[in-house]
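Me: Could you walk me through a few of the contacts in this model?

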Amino acid sequence: MKAKQLAFVVLLIILGLAVGGAAGESAKSYELIKWNSPKPISQRIGGPTYILPDGWKEAVAGVKRIKVSNFGALKHDPATIQNAKKFEELTGVKVQLLAWAEAPIVAKTISIFAAKSPAVDVFCYDHPTTYTQMVAGGWLHPLDPLWDDPEVWKLYAEPLKYGLRTADGHIYGSIGQTKTMMLYYRPSIVPKPPKTWVELRDLAKKVTTPKMWGYVYSAGGEMDIIYPLRDMVYSQGGRTVDVKRQRIVIDSPEGRNAWKMLTDMVLVDKSAPTSVLEYSWMGVSDMFAMGKATMIMTHTVDANRYQDPKKAPGIKGDWAVTSPPKWDDTKPDSYHASYFDVDGLMINTYINDKQKAAAMLFLDFMRSYEASYRELIVEGNEAAVISVYDHPDASKIPVPKARQAAMKNAVLETFPPTGRMLTDILMEYFANAIGRKMAPMEALEKCQKVLDDYAVPE
Amino acid sequence: MRFSGRWYGFLLNLPGLVIVLLWVLFPAFLLVYTSLLRYDNVRPIVFAGLGNYIALFQHRLFWFSLQKVAIFCVSTTALTLFGGMALALSMARITKGAWFFRSLLILPWAVPAVISGIIWKWMFSPDFGVISDLLMKVGLIDTPLSIYGNFDMAMVGIIVADSWTRVPFMGIILLAALLSVSPVLYEAAMVDGAGALHRFAFITLPLIKGPAMVGLLITTMFSFRTIDIIMPLTAGGPGRATYVFGYYIWDQIVKTLNFGMAAAGGMVLFFMTSLIAAIFVYLSRREA
């Protein structure tokens with residue numbers, strides 16, 4: 001009897017291994033999707049109406065819902081909600097958007113990855129500072145098939161092609177929203193906006209009063225000092241990341257100019273407040289809306305806020321927007337550049353294959369012309385697909401051509417791993433300069449040394 | 001089948017044992033184990049022995065953050081003790097409507113620390129904060145006051161904000177202790193001519209020392225590892241002026257993604273809070 005029972009168990013084990021082996025060899029669900037069919041990717045996603053790829057039904061059969069994290073409250077993201085609804089109409093897969101406050105979003109994401117949890121299918125992330133770290137952690141599902149059409153890159157601004165591909169040659173991220181920064185100013189005080197940073201600095205000195213600063217920028221929140229630094233570095237044609245050595249570089253000639261100008265505005269010109277050390281990028285936007293700043297650089301989406309007198313009581317419609325300044329008159333017009341911000345989407349490698357298929361389909365939709373249209377027209381973000389700006393409806397948004405040009409000129413740099421810690425070091429030493437704990441250029445040199453020490457070993 | 005007393009007791013304790021294993025011992029074991037790994041989410045995970053601890057002790061921000069947390073902890077605990085004592089002494093004298101005032105006392109403690117931090121940040125904002133505005137209106141300052149953007153004032157600001165949330169807890173403990181002191185002792189002391197200060201020093205303090213030590217211990221341990229109120233206020237800035245040790249560990253996890261170093265930092269934090277607890281227990285037992 002015992003021998004028979006043993007033989008039965010052995011047989012079961014062999015059968016189980018055979019079935020499991022067979023299952024392992026069959027195509028994974030997401031491999032059933034033919035991304036270049038019925039049309040090449042660029043045509044499928046690049047037209048006014050998104051076209052689902054062949055094979056999607058079999059790939060996502062049985063998937064009822066995907067969970068997608070979102071930066072902040074959903075009431076500020078009407079386009080995201082509409083896009084999610086549209087995706088559900090097309091595929092029957094519900095998109096459950098998880099509104100996560102910005103401050104703990106990275107901590108939540110890392111917790112889920114560290115636990116190897118399938119709790120969330122798709123994560124939003126800040127591309128410049130977080131992407132390479134997430135890739136290095138081995139937590140992301142590769143997305144190469146989504147980009148397997150050489151023509152697809154022509155839909156987007158140039159930097160995206162190089163920004164998404166990582167050191168191992170693969171792509172792990174896709175586009176959620178894109179933004180750049182532009183110069184907002186008060187026409188009643190500054191009838192003609194400055195075209196260069198040098199001009200802006202002089203103008204800021206002249207217009208500063210006890211009740212209103214000439215220029216305000218962020219140096220207080222997590223990562224926020226990197227915005228004004230990058231803008232000024234790019235306006236000179238410089239870069240903040242040494243791609244070859246995977247290092248942040250701030251003591252370049254362009255970095256030194258930027259650092260000096262920003263510190264001089266506070267310490268010498270007194271056209272910017274010392275309380276820049278308390279401001280995040282949202283705080284800067286608040287300062288302009290309260291009528292306490294004549295000029296700021298902020299995201300284009302803030303135009304929606306300033307149009308509403310209730311949300312911007314201090315300016316009451318007295319605002320205008322123009323392209324980011326270039327450094328000075330010797331620089332070409334293509335240096336009217338700010339940073340290319342990608343709020344990306346990435347797929348959790350720990351979810352099952354069917355969920356991955358549905359998640360990939362969602363990412364495919366979110367980077368399409370149709371989704372970009374909603375981002376631009378409904379929400380006021382920028383359009384990842386550049387041709388959306390040529391749509392007649394684009395004339396309804398403030399300065400569409402200037403924004404299109406700003407997106408074309410914008411620079412996308414991806415920080416090396418530990419990017420968020422590196423921006424903290426920049427914040428630390430910049431604060432030391434503003435707080436007069438160190439001379440500004442001494443602070444910059446020490447900052448660079450610490451950045452070099454922190455960098456990931458080669 | 002009949003259980004013996006021993007086995008019956010064991011079975012009844014089993015759920016608690018499972019909870020202790022799952023929520024205390026297993027995570028503690030994982031913490032120790034992770035602290036011995038090179039787990040930086042960039043290179044392969046390998047056993048590193050004491051490598052993380054050595055790197056920790058050599059890190060430029062390790063001793064710096066310990067210094068900051070020592071200042072923060074001592075100051076917060078002291079302010080909490082004095083504030084709690086003042087409140088408890090006042091509340092002890094209230095008879096009519098005592099329930100109402102005691103409910104008010106609890107409110108700061110009920111507010112989540114992050115919300116509390118946001119409220120304090122708004123109040124102290126140089127641009128739209130009420131405190132800066134009031135001080136300017138009464139002529140005490142000429143220019144807006146920037147607390148959380150000021151190197152020298154930021155630590156004071158977070159101490160005040162954190163103490164505000166802890167005073168109710170201390171106040172409740174001390175109030176309970178005060179109310180347990182027999183009024184006969186005070187009456188006898190007054191008959192003997194003891195003034196208020198004498199009565200406080202020689203009757204009140206000795207008799208509430210035990211509960212006060214418990215309150216101090218808990219306050220010290222919690223403030224030693226606090227970061228939740230610091231995050232919205234200063235994010236450890238400006239220029240690391242409020243960069244306490246808990247923040248250093250947080251950054252290892254969230255910004256550097258170096259779980260090995262973070263675990264090593266966690267072990268150091270565990271030993272230091274245990275040391276604090278051991279000191280308090282020793283002092284309490286010595287008194288007893």
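Me: Which residues in helix 9 of chain B does helix 3 of chain B meet?
Reply: This is a predicted model, where local features need pLDDT of at least 70, side-chain atom pairs count only at pLDDT 80 or more, and totals for chains, interfaces and linings use all residues. Residues are numbered from 1 along each chain as its sequence is written, with chains lettered from A and ligands numbered from 1 in the order in which they are written. Helices are DSSP runs (H or I, at least four residues) numbered from the N terminus, and contact puts C-beta atoms, placed from the backbone, within 7 Å. From helix 3, B:Val69, B:Phe72, B:Cys73, B:Thr76, B:Thr77, B:Thr80, B:Leu81 and B:Gly84 meet B:Gly215, B:Leu216, B:Thr219, B:Thr220, B:Ser223 and B:Phe224.

Me: How many charged residues does the contact of helix 3 with helix 9 of chain B have?
Reply: Ala, Val, Leu, Ile, Met, Phe, Trp, Tyr, Cys and Pro count as nonpolar, Asp, Glu, Lys and Arg as charged, and the others, Gly among them, as polar. This contact has 6 nonpolar and 8 polar residues. The charged count is none.

Me: Which helix of chain A gives the largest share of the side that touches chain B?
Reply: Here 30 residues of chain A are in contact with 22 residues of chain B. Helix 5 (105–114), helix 6 (127–136) and helix 16 (419–434) of chain A each give two or more residues to that side. The largest share, 7 residues, comes from helix 16.

Notes:
Contact = placed C-beta atoms within 7 Å.
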